[in-house]
Amino acid sequence: YSAGPNPLLIVDHDLFDLSGFSLPDLRKAAPDDFILLPAAAKIGVDAGGTYGIGVGLDDGDVLTAKEAREIEKVRQSYNITIKAAADADPNLLFFDAAALVDQFNSTGISYGSGGISAAFIQGGGFSLDGIHPTARGYAVIANEMMKVINQGFGANLPPVDPNKFSTIFYQQ
C-alpha cells in the first residue's frame with residue numbers, strides 16, 4: 001500500500017494456500033471484483049483492524065472476478081436449456097430476459113414518454129439494492145413480456161404506462 005487511495009483488502013479462498021505459513025488468504029481487490037452493496041456498512045469499521053484496510057472483507061462481501069465468470073457460465077447454460085425447452089413445445093413462449101438485461105445495461109429502454117436504464121440510482125430501472133427493479137422497472141419488463149405473449153399467441157394484452165409506477169429520483 002502507498003499513501004493515498006488503495007484498493008480494498010479482501011479474503012479470496014482461491015489464492016494459493018498459504019496456511020502452512022500462517023498467512024491468510026488476503027489480496028487487494030481488483031477492478032473486475034464486485035464489492036457487494038451491504039459491505040459498505042462494514043468498510044472502515046474497526047474489527048481488531050479496519051475492515052477493507054487491515055482486515056479483509058469476508059467472502060460474503062465480495063464476488064471475485066473468478067466467481068463472476070463461473071456464475072456467467074452457469075447462467076448461460078441455464079438460458080440455453082430454457083430456450084431449448086420453449087422451442088420444443090409449441091405451447092410455450094421464450095422471453096429472453098438476458099437480452100433485456102443487456103439492453104438495460106447498454107442503451108436503456110425507452111417506452112414512449114420516458115426511459116429507464118441500469119445506471120445505479122440515476123437510471124430509474126433498479127432499486128437501491130442494485131438487484132431488484134423499481135416498480136417502474138417491473139412495469140417496463142411486464143410490457144416486454146406482454147409483447148412476446150401478444151406476438152406468440154395472437155393476444156391483445158394492453159401495455160401499462162410505466163410513468164404511473166414509482167422509481168428512484170436523483171437530485172443534486
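Q: Where do Arg75 and Glu72 lie, and how many residues apart are they?
A: Both lie in helix 1 (residues 65-88), three residues apart, about one turn of the helix. Helices (H or I, at least four residues) and strands (E, at least two) are DSSP runs, numbered from the N terminus. This is a predicted model: local features need pLDDT of at least 70, side-chain atom pairs count only at pLDDT 80 or more, and totals for chains, interfaces and linings use all residues. Residues are numbered from 1 along each chain as its sequence is written, and side-chain values use heavy atoms, with hydrogens and water left out.

Q: Why is the contact between Arg75 and Glu72 called a salt bridge?
A: The closest N and O atoms of Arg75 and Glu72 are 2.6 Å apart. A salt bridge needs a side-chain nitrogen of Lys or Arg within 4 Å of a carboxyl oxygen of Asp or Glu, so the pair qualifies.

Q: What makes Arg75 partly exposed?
A: Its relative accessible area is 34%. Buried means under 20%, exposed over 50%, and partly exposed in between (1.4 Å probe, protein chains only), so Arg75 falls in the middle class. Glu72, with 30%, is partly exposed too.

Q: How many salt bridges does the structure hold?
A: Eight. One of them pairs Arg27 with Asp12, with the closest N and O atoms 2.6 Å apart.

Q: Why does the pair of Arg27 and Asp12 tie together parts that are 15 residues apart in sequence?
A: Because Arg27 lies in strand 2 (residues 26-28), while Asp12 lies in the loop between strand 1 (9-11) and strand 2.

Q: How do you know whether Arg27 and Asp12 are buried or exposed?
A: Arg27 has 19% relative accessibility, so it counts as buried. Asp12 has 8%, so it counts as buried.

Q: What is the volume of the largest pocket?
A: About 810 Å³. Of the 23 lining residues, the closest to its centre are Phe34, Leu63, Asn105, Gly130 and Ile131. A pocket is an open set of points on a 1 Å grid over the protein atoms alone, where a 1.4 Å probe fits, with protein on both sides within 12 Å along at least five of seven lines; lining residues have an atom within 4 Å of a point.

Q: Which helix gives the most to that lining?
A: Helix 2, with five residues.

Key
Grid points are joined across faces, edges and corners, and a volume is the space filled by probe spheres set on the points.
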